[in-house]
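This report describes selected local features of one protein model. The sequence and the coordinates are shown first, and the discussion follows by topic.

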Amino acid sequence: MSTDDRSDELLELLGQERVRQILAATSRDPKSAKELSEECNVALSTIYRRVEDMIAGDLLVERTRIESDGSHHSVYEANVDHIDVDIDGTIDVSVHVREDAAQRFSRIWSDIRES
């Protein structure tokens, strides 16, 4: 996929009100599809469709939440620190993904080894 196609895809996604609601809700803490459905006041099927698109666009990640009774289910968490839109003859959208501590350590260690 070209950079222009990726930028178009991300702008299209972010242009959807439900996508923005889901992104805002999951930026605070991980949420299940049911929790998102209730918070955004939309059908569960709509949440699943949007979540699938958002995972494909690297805006969300899916994790497993294990409950105290041993049951488990998927929760979704924003995967974005910030989004940049650069305009200079073209429009380029850059998504800056979050790093957890292990990813950050691996990146720093790799940078140290390469220098």
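## Salt bridges

Arg-63 and Glu-77 form a salt bridge, with their closest N and O atoms 3.1 Å apart; the term denotes a side-chain nitrogen of Lys or Arg within 4 Å of a carboxyl oxygen of Asp or Glu. This pair links distant parts of the chain, since Arg-63 belongs to strand 1 (residues 60–66) and Glu-77 to strand 2 (residues 72–78), 14 residues apart. Helices (H or I, at least four residues) and strands (E, at least two) are DSSP runs, numbered from the N terminus. Arg-63 counts as partly exposed because its relative accessibility is 41%; buried means under 20% relative accessible area, exposed over 50%, and partly exposed in between (1.4 Å probe, protein chains only).

By this rule the count comes to seven salt bridges. One of them joins Glu-39 to Arg-28, with the closest N and O atoms 2.4 Å apart. Glu-39 lies in helix 3 (residues 33–40) and Arg-28 in helix 2 (residues 17–28), so the pair ties together parts that are 11 residues apart in sequence. Glu-39 is partly exposed at 39% relative accessibility, whereas Arg-28 is exposed, with a relative accessible area of 53%. Both residues belong to a network of salt bridges that links Arg-28, Asp-29, Lys-31 and Glu-39. A further salt bridge brings together the side chains of Arg-18 and Glu-17 (4.0 Å, N to O); Arg-18 is partly exposed at 28% relative accessibility, and Glu-17 is partly exposed at 48%.

## Basis of the model

The model is predicted: local features need pLDDT of at least 70, side-chain atom pairs count only at pLDDT 80 or more, and totals for chains, interfaces and linings use all residues. Residues are numbered from 1 along each chain as its sequence is written, and side-chain values use heavy atoms, with hydrogens and water left out.

## Helix 3 and its surroundings

The buried residues of helix 3 are Ala-33, Leu-36, Ser-37 and Cys-40. Seen down the axis of helix 3, these residues fall within an arc of 100°, so they line one face of the helix; the arc is that of the directions from the helix axis to the C-beta atoms. An α-helix has 3.6 residues a turn, so residues three or four places apart point the same way. On the other side of helix 3, Lys-34 and Glu-38 are exposed.

What covers the buried residues of helix 3 includes helix 2, helix 4 and strand 2, where contact means heavy atoms within 4.5 Å. Thr-46 lies in helix 4 (residues 44–56) and is buried, with a relative accessible area of 16%. The C-alpha atoms of Thr-46 and Ala-33 are 9.7 Å apart in space, while the residues are 13 apart in sequence.

## Positive phi angles

Most residues other than glycine have a negative phi. Just after helix 3, Asn-41 takes a positive phi of about 55°. Asn-41 sits in the loop between helix 3 and helix 4 and is exposed, with a relative accessible area of 69%.

Asp-58 has a positive phi of about 65°, although it is not a glycine. The loop between helix 4 and strand 1 holds Asp-58, which is partly exposed at 39% relative accessibility.

## Nonpolar surface patch

Leu-11, Val-85, Ile-87 and Ile-91 form a nonpolar patch on the surface, with about 360 Å² of accessible area together. Patches are made of residues with over 30% relative accessible area and no salt bridge: like charges are joined within 9 Å, nonpolar side chains (Val, Leu, Ile, Met, Phe, Trp, Tyr) within 5 Å. Accessible areas come from the Shrake-Rupley method with a 1.4 Å probe; for residues, only the protein chains shown count as cover. Leu-11 is placed in helix 1 (residues 3–14) and is partly exposed, with a relative accessible area of 35%.
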